[in-house]
Amino acid sequence: MTNTMVKYIKRGRTAAGKSDSDAKVRAIVESIIQHIEEKGDEAVREYSRKFDNWDPGDFRLSRPEIETARKQLSAREIEDIAFAQTQVRNFARIQRDSMRDVETETLPGVVLGHKHIPMNAVGCYIPGGKYPLLASAHMSVLTAKVAGVARVVSTAPPYQGKPHPAIVTAMDMAGADEILVLGGIQAVVAMAVGTPTVAPVDMLVGPGNMFVAEAKRQLYGRVGIDLFAGPTETLVIADESVDGELCAVDLLGQAEHGATSPSILLTNSEKLARDTLAEIERQLKILPTASIAAQSWADCGEVIVCDTYEEMLQVADDIASEHVQVMTEDPDFFLNNMTNYGALFLGPRTNVSFGDKVIGTNHTLPTNRSARYTGGLWVGKFLKTCTYQRVTTNEASAIIGEYCSRLCHMENFAGHGEQANIRVRRYGNRPDLPWYRPVEAQS
């Protein structure tokens, strides 16, 4: 952050011993990956018993088991899930339709193009321990199916000793081809490396705790992943067009995710900053999830005061938050000028919870300042943009071959150059062209 003077009304605490904790998580995950690679289903079952006290005959749900889960939901609950999935599906289809295959003749006889090709198999992890995040099924499974992924494996841990009926129903309604009741490191490793009963996938997506996130990090390269995920983050940018109560609700609503989730208020009004602090104290006395939200706010909450919109913009882009709630007189200023964010929520009538659960945009978003270089999960993440080329005339092959030959020899690649030269000989009527020599331009 440069050339900006800011006033911190409240700062977050620096977590002590974080590097030691990270090292322990890395070591645990590494050993579990190795064990599952060696022992397959036996190791998966061992960790499922150890961490989730879960050891069914088959981790994969049958159609009758899926229907049994669905019957545990009311008609209203099923309708609510369907409504949310309709919003997500509609927007994903619009995004997919924006991605066109192209083919064009760039020079006479030279045809270039690209195709958007869906991945063959994707594994979707749906968190279900502390909070059963059925919305993650919409965001991952459904989006992958809209992209055209042929095989989508979806998994969630058992919830209080059994499959969570709403998560199972949401996964099924979203179009999952296989549904597993399996959680944690063992779930993502099984999908990534494969076991005798779980065929491997090409990509892993979905949020999870620090162990799931670390497993995805270590497996990256062997499979693709959506994002290197950290704790949920929210940034509220506000001025006196709104009040402290609204700001406090939107900060604490995200702080309840976990004790390490940053929630930050950025404002040009010290009065609003102090009103919000007072409101947070009041609301923490009545919020049912206050035990988590209070710790998160104490350790990771911040209140920052700037003088101008321009200063707030600079601070916001430096923070590069996952979620950015803009409640100012001119929210379009931030829409038109901000460059680093996961998703924007513009105006007091919307909020991060809408995006998390139902409005239609995807809630899997970049954290840890990675919004500086990537966006969130969307239909395009499940597509490979693959190019192709075709040369349709002798003249075009010879012309491109001449340029290619000389460029290859500038790089000392004689063999590459001969790939070009042979085309010049055959298609450019130059049979006397020397081998492994750059093609000289004809006058």
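This is a predicted model: local features need pLDDT of at least 70, side-chain atom pairs count only at pLDDT 80 or more; totals for chains, interfaces and linings use all residues.

Trainee: What percentage of the residues is buried?

Mentor: Buried residues are 50% of the 443 in the chain.

Trainee: And how many helices and strands?

Mentor: The chain has 16 helices and 14 strands. Its C-alpha atoms fill a box of roughly 90 × 60 × 45 Å along the principal axes. Of the contacts between residues at least 6 apart in sequence, 73% join residues at least 24 apart.

Trainee: Switching to the site. Which residues does UniProt list for "binding site"?

Mentor: The UniProt entry, which is unreviewed, lists Y125, Q186 and N209. They are spread over 85 residues of sequence but cluster in space, with a largest C-alpha distance of 12.8 Å.

Trainee: Where is Q186, and why does it count as buried?

Mentor: Q186 sits in helix α7, residues 184-193. It counts as buried because its relative accessibility is 1%, and the cut-off for buried is under 20%.

Trainee: What is Q186 in contact with, leaving aside neighbours within four places in sequence?

Mentor: I36, V44, Y47, S48, F51 and D52. The Q186 side chain also reaches the backbone oxygen of G183, at 2.8 Å.

Trainee: And N209, where does that lie?

Mentor: N209 is in the loop between β7 (203-205) and α8 (210-219). With a relative accessible area of 46%, N209 is partly exposed. Its side chain reaches the backbone nitrogen of F211 at 3.0 Å.

Conventions
Residues are numbered from 1 along each chain as its sequence is written. Side-chain values use heavy atoms; hydrogens and water are left out. Helices (H or I, at least four residues) and strands (E, at least two) are DSSP runs, numbered from the N terminus. Buried means under 20% relative accessible area, exposed over 50%, partly exposed in between (1.4 Å probe, protein chains only). Contact means heavy atoms within 4.5 Å. UniProt positions are given in the numbering used here, feature names are shortened, and annotations may be inferred rather than shown by experiment. A polar contact is a pair of N or O atoms within 3.5 Å; within protein, one must be able to donate a hydrogen and the other to accept it, and residues adjacent in sequence count only if both atoms are side-chain atoms.
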